[in-house]
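Please take a moment to look at the protein on the screen before we discuss it.

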Amino acid sequence: MKKPLIWILTALVLAVLFPDLPQAIAAVVSAVVVWVSTQPILVGVGIGMAALPHLRRTAKTAPASA
């Protein structure tokens, strides 16, 4: 058996055994997203980490000033 098929079968078995599982996962993820969005330090760190590669690329390609 190939791995993708195993993942699909596992998801189907979980969906049959635990029909409320997707809703429970969505509720937890939603609660975590709301909590993180209210934490300014976490939002700032996330935006800063996302901006770092762009800032490095700009610094490398910027012309050297005298």
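Predicted model: local features only at pLDDT ≥ 70, side-chain atom pairs only at ≥ 80, totals over all residues.

How many helices and how many strands does the protein have? There are three helices and zero strands.

The mean pLDDT of the protein is 85, and 83% of the residues reach 70 or more. Among the elements, helix H2, residues 21–37, has the highest mean pLDDT, at 93. The lowest, 80, belongs to helix H3, residues 40–61.

The protein has 66 residues, and 0% of them count as buried. It exposes about 6100 Å², of which carbon and sulfur atoms supply 77%.

One region deserves attention. Val13, Leu14, Leu17, Phe18, Leu21, Ile25, Val29 and Val33 make a nonpolar surface patch of about 700 Å². Helix H1, residues 3–17, and helix H2 each supply at least two residues of this patch. Helix H2 gives the most, with four residues.

Consider Leu17 as an example from the patch. This leucine is found in helix H1. Is Leu17 buried or exposed? Its relative accessible area is 57%, and exposed means over 50%, so Leu17 counts as exposed.

Note on methods. Residues numbered from 1 in each chain as written. Heavy atoms only, no water. pLDDT = per-residue confidence, 0-100. Buried < 20%, exposed > 50% of the residue type's maximum accessible area, 1.4 Å probe, protein only. Areas by Shrake-Rupley, 256 points an atom, 1.4 Å probe, with all protein chains shown as cover. Patch = residues over 30% accessible without salt bridge, like charges linked within 9 Å, V, L, I, M, F, W, Y side chains within 5 Å. Salt bridge = Lys/Arg side-chain N within 4 Å of Asp/Glu carboxyl O.
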